[in-house]
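Dear colleague,

Here is the structure that I promised to pass on, with its sequence. My notes on what was found in it follow below, and I would be glad if you read them with the model open.

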Amino acid sequence: MKAFVLRSYGSPDALELTDVDRPAPAPGEVLVRVRATNVQPWDWHLMRGEPYVARVMPGGLGLRKPKITILGTDVAGVVEAVGKGVTEFGPGDEVFGMPPKGGALAEYVCVAESEVAPKPENLSFEQAAAVPLAAITALLGVRDHGRIRPDHRVLVNGASGGVGTFAVQLAKAYGAHVTGVCSSRNVDLVRSLGADEVIDYTKEDFTRGGRPYDVIIYNAGTRSFSECRRVLKRKGICVLVGGSASRWLQPAGRIFATLAMSAFVPQKAAMADVVGNKETRRNLIELTDLIEDGKVTPVVDRTYPFEDVPAALRYSEEGHAPGKIVITM
């Protein structure tokens, strides 16, 4: 099969489109013929091996060369074959999911049965590929960490990004009053997702003034926890999703510092992270219900053909894509 292989850390030019052996499903796995996938910050952090501290952390990226050689953490496609013990899927089933070890930037990928679910009937493969990692991250932030209720006031920073577009819609689905923060060019998009109010960060500082929020979903940004506390209720919570990256430490350093500080103040911080979450399939099914009910719709900014994966990664690294960047096969 064809796959983009990463043999050493570097720019998108380090990816090599080449022939590799097609994987065979192990017990409990399904082999999926990839119809669509996407690229996102997770992929280019792995590609560049940044932040460098992640190379030496337990279970990290790999010190001198990448442990994951085929990127791609989201997939939508058709089951080609199943391994022993698989009971929920068979050849021909349309599925979407999240291979935890990557591998979706290829014509085929093996995924554990517990990491996939039936594709939402009202989504194309391209739309479905935009869902898993970003939407599950947003769901964990809204449902599990934020515990958002209908009487909550919620602010979503980075509301036009991959996670942010889902967070706005999920918070509304849970009945909250939602304020989205984004740049001028994305104000209309965020409003169309259901946000009750939209703050243009180029014109207004959300950490100054206004009624306090019960929950802040804080996607990539440079504001400190101390600044966010100004607009959090006394028992409010700030849910962290990534952050501005640097080559050496960030966002890990900022996240750890925030979590440590929250132990000593009334407002709390938590991190929405799908790593280690054991409920992928259940979460995908919950998202499917919301999608098929029309309460959540993935936002796709651009699509690229498979052979243009390096160009898609370059665009993703610019950090200005509203919604998701999808790769079609």
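Strand E8 (residues 153-157) is largely enclosed by the rest of the structure, because five of its five residues are buried. Buried here means under 20% relative accessible area, exposed means over 50%, and partly exposed lies in between, with a 1.4 Å probe and protein chains only; the areas themselves come from the Shrake-Rupley method, in which only the protein chains shown count as cover for residues. Strands (E, at least two residues) and helices (H or I, at least four) are DSSP runs, numbered from the N terminus.

Before going further, please keep in mind that this is a predicted model, in which local features need pLDDT of at least 70 and side-chain atom pairs count only at pLDDT 80 or more, while totals for chains, interfaces and linings use all residues. Residues are numbered from 1 along each chain as its sequence is written, and side-chain values use heavy atoms, with hydrogens and water left out.

Strands

Within E8, Arg 153, Leu 155 and Asn 157 point one way while Val 154 and Val 156 point the other way, and all of them are buried. E8 runs parallel to strand E9 (residues 177-182), to which five bridges join it; two strands are said to pair if DSSP finds at least two bridges between them. As one point of reference along this pairing, Val 154 has Val 178 in E9 as its bridge partner.

Strand E6 (residues 108-112) is also mostly covered, with four of its five residues buried. Its pairing with strand E3 (residues 29-39) is antiparallel and extends over five bridges, and here Arg 33 has Tyr 108 of E6 as its bridge partner.

Salt bridges

How many salt bridges does the rule give? The count comes to 13, where a salt bridge is a side-chain nitrogen of Lys or Arg within 4 Å of a carboxyl oxygen of Asp or Glu. In one of them the side chains of Glu 286 and Arg 143 meet at 2.7 Å, N to O. This pair links distant parts of the chain, since Glu 286 belongs to helix H9 and Arg 143 to helix H4 (residues 132-145), 143 residues apart. Glu 286 counts as partly exposed because its relative accessibility is 22%, whereas Arg 143 is buried, with a relative accessible area of 15%.

Another salt bridge brings together the side chains of Asp 196 and Lys 172, at 3.1 Å from N to O. This pair, too, links distant parts of the chain, with Asp 196 in the loop between helix H6 (187-192) and strand E10 (197-200) and Lys 172 in helix H5 (residues 162-173), 24 residues apart. Asp 196 counts as partly exposed at 37% relative accessibility, and Lys 172 is partly exposed with a relative accessible area of 29%.

Arg 191 forms a salt bridge with Asp 188, the closest N and O atoms being 3.6 Å apart. The two are separated by about one helical turn, because they lie three residues apart in helix H6. Arg 191 is partly exposed, with a relative accessible area of 46%, while Asp 188 is exposed, at 60%. Elsewhere, salt bridges that share partners join Arg 143, Asp 144 and Glu 286 into one network.

Surface and loops

A patch of negative charge on the surface gathers Glu 121, Asp 289, Glu 292 and Asp 293. Patches are made of residues with over 30% relative accessible area and no salt bridge, with like charges joined within 9 Å and nonpolar side chains (Val, Leu, Ile, Met, Phe, Trp, Tyr) within 5 Å. Asp 293 sits in the loop between helix H9 (280-292) and strand E14 (300-305), and it counts as exposed because its relative accessibility is 57%.

In the loop between H4 and E8 lies Arg 147, which has a positive phi of about 45 degrees although it is not a glycine. Most residues other than glycine have a negative phi. Arg 147 counts as exposed at 62% relative accessibility. Pro 150 has its place in the loop between H4 and E8 and counts as exposed at 63%.

Finally, Gly 319 is found in the loop between helix H10 (309-318) and strand E15 (324-328), and Gly 319 is exposed, with a relative accessible area of 58%. Gly 319 and Pro 41 are 278 residues apart in sequence and 8.3 Å apart in space, C-alpha to C-alpha.

With best wishes

Note on methods: Areas by Shrake-Rupley, 256 points an atom, 1.4 Å probe, with all protein chains shown as cover. Lys, Arg positive; Asp, Glu negative; His and termini not counted. Charge placed at Lys NZ, Arg CZ, Asp CG, Glu CD.
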